[in-house]
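Keep the structure open beside you and try each task before reading on.

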Amino acid sequence: MRIQGVTLIAILIFTALSCSPGNGSSERRPVPHSKPSRITSLVEPAAPVTIPLGEEIRVALSIPDSIGVDSVRVFLGGHLKRTIPGSSGEQKQGSLEFMLATEGEKPGKSGLRLRLFFTGGESENHSMQITFLSNKVPVEYSYQVVNEYPHDATAYTQGLEYVDGMLFEGTGNYGTSSLRRVTLETGEVTKIRDLDQSLFGEGITVLGERIYQITYKSQVGFIYDKSTFEEIQKVYYQNREGWGLTNNGEELIMSDGTNIIYFLDPEMFTINRQIEVYHNEGPANSLNELEYINGKIWANRYFTDEIVIIDPETGKVEGRINLKGILRATERRPNTDVLNGIAWDSEGERLFVTGKLWPRLFEIRIRESG
């Protein structure tokens, strides 16, 4: 008992010391790290900048008179744009000022970085975010309805393609998601494959003899045999959400509801590259159902009556189609949802559009407004 009492006292003393406010290890207080003082300062741009492509960026650095600069390397989007020697005429007493060209950049967020090398052997970095708008004003288009066809008003359309004289349609919502083959002229569903009720179906595309289908938040996609709809493979992808899907003959092209479009490997669903979609006034957000037509990406913008035409190399919006009023008010019901669904008949050069829970599918032609 004596030995146990001594042990108990020792434990109590140790515990009291461990809980003492003066014991830094037990409180795990973060050790403050002082920021290294900068020798120079970035005067311009002093804050993140949004400018049109092609416009020059004014850059100005404040440099103490006592500091000698050997050279300055200027990076834009991670690429070295120019190197300015210390003897350059752009460097004056107490400052360095120059204009940076932006030709050849792509729309979207980029980073300006300056690395200064001093004559004493030291170096210093400055950085600032730059957002580039498209330098192209989109062509505005209106539409003409050529034909109207029946469409299943219970189909929550998420993907639409026209191949071999038939429509292929992917539908969404939990419990009603499916892959369908549809007769254009009658709207009859001639083949259907339902998704598990835990999945929310999204975009589809037909590449060769395979149909690809993605889902909303499950980060899972499916590859089916085009004729039988039998599942060939289940695939998983990195994107947080799946929205629209199309292809360029070699890659899958996917949207996720933002202004970013991803180009995926059709076997692995890994991202090969991506583009940010911008027009001349800002980002083209809420990109949804996609179609690849004559080398361009066409995209519905969710909650709008607009389709945008996108350059797949640069992300610039080249055209906008206003489809306001295409579904007559008399055919709308309380559950009628938004425009969504673009299909292209490459042989007949026919363009089809529809919407979620719409009773009609339309063949249209577009023409420049005005």
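**Exercise 1. Find the residue of strand 21 that stands opposite Ser 255.**

Solution. Step one: the residue to look for is Ile 261, which stands opposite Ser 255. Step two: widen the view to the strands, which are DSSP runs of E with at least two residues, numbered from the N terminus. Strand 21 covers residues 260-264 and pairs with strand 20 in the antiparallel sense over four bridges; two strands pair if DSSP finds at least two bridges between them. Step three: look at the hairpin of these strands, where four residues lie between them and Gly 257 takes a positive phi near 90°.

A word on the source: this is a predicted model, in which local features need pLDDT of at least 70 and side-chain atom pairs count only at pLDDT 80 or more, while totals for chains, interfaces and linings use all residues. Residues are numbered from 1 along each chain as its sequence is written, and side-chain values use heavy atoms, with hydrogens and water left out.

**Exercise 2. Work out which residues cover the two faces of strand 20.**

Solution. Step one: recall that side chains in a regular strand alternate between the two faces of the sheet. Step two: apply this to residues 252-255, where Leu 252 and Met 254 lie on one side and Ile 253 and Ser 255 on the other. Step three: all four are buried, meaning under 20% relative accessible area with a 1.4 Å probe, protein chains only. Step four: follow Met 254 across to Leu 245, which stands opposite. Strand 19 (residues 245-247) is joined to strand 20 by three bridges and runs antiparallel to strand 20. Their hairpin has four residues between the strands, and Gly 249 in the turn has a positive phi of about 95°.

**Exercise 3. Decide which stretch has a pLDDT below 50.**

Solution. Step one: pLDDT is the predictor's confidence in each residue, from 0 to 100. The protein chain averages 90, and 88% of the residues score at least 70. Step two: the stretch is residues 1-27. Step three: where pLDDT is low, the predicted coordinates should not be read in detail.

How values were computed:
Contact means heavy atoms within 4.5 Å. Buried means under 20% relative accessible area, exposed over 50%, partly exposed in between (1.4 Å probe, protein chains only).
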